[in-house]
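Hi everyone, thanks for coming. Please have a look at the sequence and the model on the screen, and then I'll walk you through a few spots.

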Amino acid sequence: MAERGIQSVLVENRVFEPNARFRDAVGAAHIPDLATYKAMYQRSLSDPEGFWGDVASDFTWFSPWKRVLEWSCPDAQWFVGATTNICFNCIDRQIDGGHGDDIAIIWEGEPANSSQPHGFEVRRITYRELHGEVCRCAHALRALGVSRGDIVTLYMGMVPELAIAMLACARIGAAHSVIFGGFAAPAIVDRVHDAASRVIVTCDGAFRRGAVVGLKGNVDEACKSLPEVQHVLVVRRTNTPVSWSEGRDVWWHDLVAAQQSSCPCEAMDSEDLLFLLYTSGSTGKPKGIRHTIGGYMVFTAATARWTFNLQPDRGQVFFCTADIGWVTGHSYVIYGILPNRVPTLMYEGAPNFPSESRLWSMVERHKVTQFYTAPTAIRAFMKWGDEHPKGHDLSSLILLGTVGEPINPEAWIWYHETIGASRCPIVDTMWQTETGGHIITPLPAAIATVPGSCTVPMFGVDAAIVDEQGEEQPPNVGGLLVIRQPWPGMLRGIHGDRERYVETYWSKVPGMYVAGDGARRDERGYFWIMGRIDDVINVSGHRLGTMEVESALVSHESVVEAAVVGMPHEIKGTGITAFVTLGPGWQDKAGKALARQLQEHVGREIGAIAKPDVIRFTQALPKTRSGKIMRRLLRDIAAGKDSGQDTTTLEDLSVVAKLRESDE
């Protein structure tokens, strides 16, 4: 029997219309109103080749395309036959246009430096300076035997040399595989082996919360199982002692500095591989997501321009807080921002070191205009207290963004009022490693926003909510989030595993890309993400989204963060367990009485069917190093089992250990 749709949903009636103050702050918005959005969106679906051909004409191509799109599900080719180079479009095009002395990257390191009045090391790198560094690195990689078509692994901290190495790979036609610097040696082994990398670029270490994270040591340990690795190029960042393998290891400052500062760009086919980025599944080895050059280049730069209203020559500074080890850092720290000629701000370290004011001091210091971060971080900011943002001048901000997971309405409102002073539009962006860039998001001057909803599809993205037969669902009935036609930023496969690619993304609803998220669309046509498909809970035949229940919990004054999972239930089939973190002043009230209050609160917000069966209070939730809650681990804990799942992406293993101890 088919499952029933969602019968009760979290209702959110607050609507925030685009405001004149934002339009005044940015001048002429790229997408100025709803009518423009609708007309462009309809054209992007009915005439994708004409639409994206026009967008792509803003970029430099060394030879033209024969056709904008060739599509044979599940395989797309964009800008067929064209050649280009994304490094050229990030750097050289700006210099050729007379903007070589404009700032490309602003970088702020963690360690204190007495020569800086604010205590942080800062580098401001112009396009001309970036060009020279990238060219020297490109020559150095070639000296280590890297050639066109190779895959170079980058395992580094958040230093400018990471961006330089990525762009250098792109310049000479090598792909890169960036591994987040928090991963341990086993994760490095898996990814390097899968990519068949012969060269790794790393750092001696990285600074985080006043301590040194030893990166070179992890590479050394991994290389014991990687005989294919021939060279390790090492950036000296922390000046900590490292072991050394003569003939294999080489210092960046020895090799790169000695190279020429000019290196022509390789003319790359639009469908040549740009990078691999590994993303974990709930089971099995990490998936190496393949992104190619032309479509990704056009989609990321265009979505960055539209979503964040990037405009050069208006004093904008864009700050995405993501690590480049994740797709958000690839797309919206580097590849989507540099072509738009707006300075991109990178930082090393943690948002709460040396104090919880770190990011707000950066906004003030660098006059940030667009600020893009994760809901997990926003909830942490709330927990740390309003005094931190209120202690800094945030008046430079004109736009706020969220990324990584759905944002609960209460965190949205706090972000809007406390950080944005009720004047900055919020773009709640929904996308994935696989999509390359934003697929559902408001556009700040055109789309009214509703807290908790990512609102409307991006141009070229034919998003829908369907059942497993592919039938579109009526308003407020949950189903699968799918995309029904190709878009330029889409993944081109899983590296070395065609079968897994087809099975994971294209088999559940034939002919449609299945995002893996449960979602609904309201009467307005706005999308609401309920959670990953395996996070949608079927309680007595009612499909409930984890996001809905979590948002209801967080709307209670005592709760800062919540994670909801299903658990076995002898009557309902599946019950609901909620893991709850309390705010300041509430921790000592954790107990049965508060749990009952929260259960009743959810019942009032959504309905009796959504009341958690079990509420567990915890000091912290298990999260990946990118800030996502690892609900698959919580499901095992709620079920009272230890499945031995991969925890290499977990930031703090002790959180899981403490939760398991509380079961005993």
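Before I use it, a bit of housekeeping. This is a predicted model, so local features need pLDDT of at least 70, side-chain atom pairs count only at pLDDT 80 or more, and totals for chains, interfaces and linings use all residues. Residues are numbered from 1 along each chain as its sequence is written, and side-chain values use heavy atoms, with hydrogens and water left out.

Okay, is T433 buried or exposed? T433 counts as buried, because its relative accessibility is 14%. You'll find T433 in the loop between β20 (426-428) and β21 (463-466). Those names come from DSSP runs: helices are H or I with at least four residues, strands are E with at least two, and both are numbered from the N terminus. And what is T433 in contact with, leaving aside its neighbours within four places in sequence? The list is L277, T279, I289, H291 and V327, where contact means heavy atoms within 4.5 Å. One more thing on T433: R520 is 87 residues from it in sequence, and the two are 21 Å apart in space, C-alpha to C-alpha.

Next, a helix. Take α3, residues 48-56: it is mostly covered, with seven of its nine residues buried. Those buried ones are P48, G50, F51, W52, G53, V55 and A56. So what covers them? The cover includes α2 (34-46), β1 (67-72), β2 (75-80) and α10 (293-308).

As a rule, most residues other than glycine have a negative phi, and most peptide bonds are trans. Here are some exceptions. The peptide bond from C73 to P74 is cis, with omega near 10°, and P74 sits in the loop between β1 and β2. Going from F353 to P354 the peptide bond is cis too, with omega near 5°; P354 is in the loop between β17 (344-347) and α12 (358-366).

For phi, look at N309, which isn't glycine but has a positive value near 50°. N309 lies in the loop between α10 and β16 (318-320), and N309 is buried, at 1% relative accessible area. K367 isn't a glycine either, and its phi is positive, about 55°. K367 is in the loop between α12 and β18 (370-373). With a relative accessible area of 47%, K367 is partly exposed.

On to charges. Side chains of opposite charge can pair when their charged atoms come close. The rule I'm using for a salt bridge is a side-chain nitrogen of Lys or Arg within 4 Å of a carboxyl oxygen of Asp or Glu. How many salt bridges does that rule give? The count comes to 35.

Here's one of them: R248 with D220, where the closest N and O atoms are 2.8 Å apart. That pair links distant parts of the chain, since R248 is in the loop between β11 (231-235) and β12 (249-251), D220 is in helix α8 (residues 215-223), and they are 28 residues apart. R248 counts as buried at 16% relative accessibility, and D220 does at 14%.

K224 and E221 also form a salt bridge, with 3.1 Å between the closest N and O atoms. Here K224 is exposed, at 64% relative accessible area, while E221 is partly exposed, at 42%.

Then there's R379 with E405, whose closest N and O atoms are 2.9 Å apart. R379 lies in helix α13 (residues 375-384) and E405 in the loop between β19 (399-402) and α15 (409-419), so the pair ties together parts 26 residues apart in sequence. R379 and E405 are both buried. Elsewhere, salt bridges that share partners join R142, R148, E266 and D272 into one network.

Last stop, a sheet. It's an open one of four strands in the order β21-β22-β23-β24, with antiparallel pairing; two strands pair if DSSP finds at least two bridges between them. Which strands are at the edges? They are β21 and β24 (527-532), each pairing on one side only. Five bridges join β23 (residues 513-521) to β24, and these two run antiparallel.

Notes
Buried means under 20% relative accessible area, exposed over 50%, partly exposed in between (1.4 Å probe, protein chains only).
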